[in-house]
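Please keep the sequence and the model in view while reading.

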Amino acid sequence: MKKDVDSVVLSINNSLDSSNVAADKLNQVGMVFEESFNLIKKVNLAARDTFEDINVNLQQLAVTLEARNRDLGAIVSTGKLMTNLADQLEVLVGENQLNYVVKSQAESRIETIKAILNDVSMVPDITLMETEKHNDVLSGLKEEHVEIEAIWSNDQEGNFIFSFPEAALANAKVRQWWQEAINGRVFVSPVYISAITRKPCLTVAVPIAYNGNIIGVLGADIGLG
């Protein structure tokens, strides 16, 4: 019985020793897990801090990009404005150049045609106010001066005695050039675009006088192109 008891005690002691060893192993495993969890926790905290920093930087970048976008929008708008101004300036310069050319050409041609019309208005073939005579004189005048696009004559009532090319209206009373000339004034119109040539031209009209009385109007369109 003593041997059996000793055997049992020995067995129990061996079991206790094994249990102690197992407990130590478990404790070691627990410490490893704890260290691992602590390391993971530290990594998570570091990652969270990093992500927070990245988020802040991204927000700052978004604000910067939005500001840059607004600046770019302003630059684009300014560019469009400058383009429009450049286009307007180009048109203005072109118009000024055209006006300068037209004015320089007009001054000499106006004086020439005014003098010619004044001289012609006093010749007997014109003051007779006969269609055939007007046809001969004014047709020859147009052929001689290529700058004359159209030439015509009217009586005291505004009716056309002669017109080349043929007048588009039957009576000229409503025209300013006739109203001015029939009242004894030489009329010179502003520059306009000719319906015949589609180029700049102007109209000159002078009174036809006989024995101190105004009996009609002599007019011409002068090309400036």
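Glu157 is partly exposed, at 44% relative accessible area; here buried means under 20% relative accessible area, exposed over 50%, and partly exposed in between (1.4 Å probe, protein chains only). The side chain of Glu157 meets that of Lys173 in a salt bridge, at 3.3 Å from N to O. This pair links distant parts of the chain, 16 residues apart: Glu157 is in the loop between strand S1 (148-155) and strand S2 (160-164), and Lys173 is in the loop between S2 and helix H4 (176-182). Lys173 is likewise partly exposed, with a relative accessible area of 37%. The term salt bridge denotes a side-chain nitrogen of Lys or Arg within 4 Å of a carboxyl oxygen of Asp or Glu.

## Basis of the model

The structure is a predicted model, in which local features need pLDDT of at least 70 and side-chain atom pairs count only at pLDDT 80 or more, while totals for chains, interfaces and linings use all residues. Residues are numbered from 1 along each chain as its sequence is written, and side-chain values use heavy atoms, with hydrogens and water left out.

## Overall architecture

The chain contains four helices and six strands, where helices (H or I, at least four residues) and strands (E, at least two) are DSSP runs numbered from the N terminus. Read from the N terminus, the order of the elements is α-α-α-β-β-α-β-β-β-β.

Of the 225 residues in the chain, 24% count as buried. The chain exposes about 15,700 Å², and carbon and sulfur atoms supply 58% of this area; accessible areas come from the Shrake-Rupley method with a 1.4 Å probe, and for residues only the protein chains shown count as cover. Among contacts (heavy atoms within 4.5 Å) between residues at least 6 apart in sequence, 48% join residues at least 24 apart.

## The other salt bridges

How many salt bridges does a search of the whole structure find? The search finds three. In general, side chains of opposite charge can pair when their charged atoms come close.

Besides the pair described above, Lys114 and Glu111 meet in a salt bridge at 3.7 Å from N to O. Both residues belong to helix H1 (residues 2-121), where they are three residues apart, about one turn of the helix. Lys114 counts as partly exposed at 22% relative accessibility, and Glu111 does so at 47%. Arg185 forms a salt bridge with Glu180, with the closest N and O atoms 2.7 Å apart. Arg185 is partly exposed at 42% relative accessibility, as is Glu180 at 23%.

## Surface patches

Leu58, Leu61 and Leu65 make a nonpolar surface patch of about 300 Å². Patches are made of residues with over 30% relative accessible area and no salt bridge; like charges are joined within 9 Å, and nonpolar side chains (Val, Leu, Ile, Met, Phe, Trp, Tyr) within 5 Å. Leu65 lies in helix H1 and is exposed, with a relative accessible area of 51%.

A negative surface patch is formed by Asp125, Glu130, Glu132 and Asp136. Lys and Arg count as positive and Asp and Glu as negative, while His and the chain ends are not counted; the place of a charge is taken as NZ of Lys, CZ of Arg, CG of Asp or CD of Glu. Glu130 is located in the loop between helix H2 (124-127) and helix H3 (131-144), and its 39% relative accessibility makes Glu130 partly exposed.

His134, in helix H3, is buried, with a relative accessible area of 0%. Leaving out residues up to four places away in sequence, His134 touches Asp125, Ile126, Met129, Ser139, Ser153, Ile161 and Phe162.

Asp221 belongs to strand S6 (residues 213-223). Asp221 is buried yet has no salt bridge, and the nearest side chain of opposite charge, Arg175, is 9.5 Å away. Beyond four places in sequence, the residues that Asp221 touches include Trp152, Tyr192 and Leu202.

## Backbone features in loops

The peptide bond from Phe164 to Pro165 is cis, with omega near -5 degrees. Pro165 lies in the loop between S2 and H4.

Met129, in the loop between H2 and H3, has phi near 60 degrees, a positive value in a residue other than glycine. Asn211 also has a positive phi, near 55 degrees. Asn211 is found in the loop between strand S5 (200-210) and S6 and is exposed, with a relative accessible area of 65%.
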